[in-house]
Structures are given as structure tokens and as C-alpha cells.
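Open the model in your viewer and keep the sequence panel beside it. This tour tells you what to select at each stop and what you will find there.

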Amino acid sequence: MEPTLEQTAAQLRCPHGEMGRAFGQMMNLRNLPLIVNAFSALGLNDGDRVLELGYGNGGLLGYVLSLAARLHYTGVETSPLMHEEAATFNQAFINAGLADYHLYNGAELPFADHAFDKIITINTLYFWEHSAALMEEICRVLKTGGRLCLSFCEKNFMQTLPFCAYGFTLYEPHDVAVLTRSLPLRLCGHNVRQDKAVDKSGNLTDRIYIEMLFEKTA
């Protein structure tokens, strides 16, 4: 049965149930250009400790760990289903001490101050219920000189997707800048990219997405 617009929005926010498994796989495949480009913009270095907010089913962990030597990957997720899938699929990486996964409440990060060299999140910004508090938490756990990459689809494009009427908060770069205004985060990169996406009707459409790269200054 085809999901309703409201069901689609709920699954994109927090995949759950049998339908959630299919959504997790779909998001990996359809967001592959965003994921590859965001990690490229982030610029992982040998020995980095990297945190990702919203790792989905973890299907691309092997790719991420191939980007530099001696990386350690940590992921946080709000979906118990995605947490279970990622932990099961990547147990060998976890056992080797290369990765760990955590559930969190979407507002508080369960880590010490200055724990990570790099932080990334892709297509999660729309679902942050406590956006200012979460941005403060991201800044807290990022090392001085560390980098944050926020990747999200442009507001005008998102408004063409009918499911975005159900619980999505849409952003322009200015809105993100407002979230960081009082924090020691300096904008050091701003990329606008375009690719082809498939809309709900199965038609191709131009998807415009943005990468904002910040450096922690203090």
C-alpha cells in the first residue's frame, strides 16, 4: 500500500515498523550524492573522531571509514529501528573499535566537551525540535578548530514536495546563520549543488541542496 503524505513525512523524520526499513534503504540510495559531497566538504583527516547526527541504517559506514586512516566514527539517531539496523549491519566495525552508535533524544548529545574533530549531519535539520539547543550541543562537543558540515535541501525545492507540509521546518542559509550567531562558529564554506531527484509522482525534478561548513573558533 502506498504511504500517505503524512506517513511519508513521519517515516522520513523517524523510520519505524516494516515500512521504516524500506525508507532507510531508500534514503541511503537517493541521498547518495548529498552524502558523498558532504563528507568531501567536511574533509576528514587521518585520526579524526567524527560524529554524525542521523546515520539511518548505517549502510555507508564502510565508505566513510575509507576516507582517511585511523578514523573513529560515532553516530546518534532518534529512530530505534535505524539504531538496531545500523548496529546489526556494522557489528564487525563496532567490535574492531572503529565505530559506535547511540540513540538520543534529539536535543542532548551524550558526550564530553570537545570530543570530536568533525561533525556532520545530512537532511536532519528539518526535524530539529530544539534547534538552538541542539546547535549549542554540537558546538559544545566539537573541538576548537574542528569543523561542522550541515547539508540540507533548499527551501524553495522542499516546498514543492507535498509531504513537507507535515512537520518539516524548512531553512535558508540565513536561518542557519541565525542559529550559530551567538556561538563560536565561523562560516568557512558554502556550497550550492544540484542533482536530479525523483518526486512522489515518479517524475524527475531538479534538487538543490546546500552545504554549510563551519569552524569552531574557541
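Start by selecting H102. H102 is partly exposed, with a relative accessible area of 27%. You are looking at a predicted model, where local features need pLDDT of at least 70, side-chain atom pairs count only at pLDDT 80 or more, and totals for chains, interfaces and linings use all residues. Residues are numbered from 1 along each chain as its sequence is written, and side-chain values use heavy atoms, with hydrogens and water left out.

Now colour by secondary structure. H102 sits in strand 3 (residues 99–103). Helices (H or I, at least four residues) and strands (E, at least two) are DSSP runs, numbered from the N terminus.

Show the side chain of D100. A polar contact of 2.6 Å links it to the side chain of H102. A polar contact is a pair of N or O atoms within 3.5 Å; within protein, one must be able to donate a hydrogen and the other to accept it, and residues adjacent in sequence count only if both atoms are side-chain atoms.

Which residues does H102 touch, not counting those up to four places away in sequence? Select Y55, T74, G75, V76, E77, H83 and F111. Contact means heavy atoms within 4.5 Å.

Next, go to E52 in strand 1 (residues 49–53). E52 is buried yet has no salt bridge. A salt bridge is a side-chain nitrogen of Lys or Arg within 4 Å of a carboxyl oxygen of Asp or Glu. The nearest side chain of opposite charge is R207, 13 Å away. For charge, Lys and Arg count as positive and Asp and Glu as negative; His and the chain ends are not counted. Show Y73 too: its side chain and that of E52 make a polar contact of 2.6 Å. Leaving aside neighbours within four places in sequence, the contacts of E52 include F39, I120 and I122.

Move to helix 9 (residues 173–180) and select its buried residues: P173, V176, L179 and T180. Look down the axis of helix 9: these buried residues fall within an arc of 110°, so they line one face of the helix. The arc is that of the directions from the helix axis to the C-beta atoms.

How many does the structure hold? There are nine.

Select R140 and E137. Their closest N and O atoms are 2.8 Å apart in a salt bridge. The two are three residues apart in helix 7 (residues 131–141), so about one helical turn separates them. R140 is partly exposed at 24% relative accessibility, while E137 is buried at 15%.

Then pick R186 and E215, a salt bridge with closest N and O atoms 3.3 Å apart. R186 lies in strand 6 (residues 185–198) and E215 in strand 7 (residues 204–216), so the pair ties together parts that are 29 residues apart in sequence.

Finish with E211 and R193, whose salt bridge has its closest N and O atoms 2.8 Å apart. E211 is in strand 7 and R193 in strand 6, so this pair ties together parts 18 residues apart in sequence. E211 is buried, at 2% relative accessible area; R193 is partly exposed, at 28%.

Terms used. Buried < 20%, exposed > 50% of the residue type's maximum accessible area, 1.4 Å probe, protein only.
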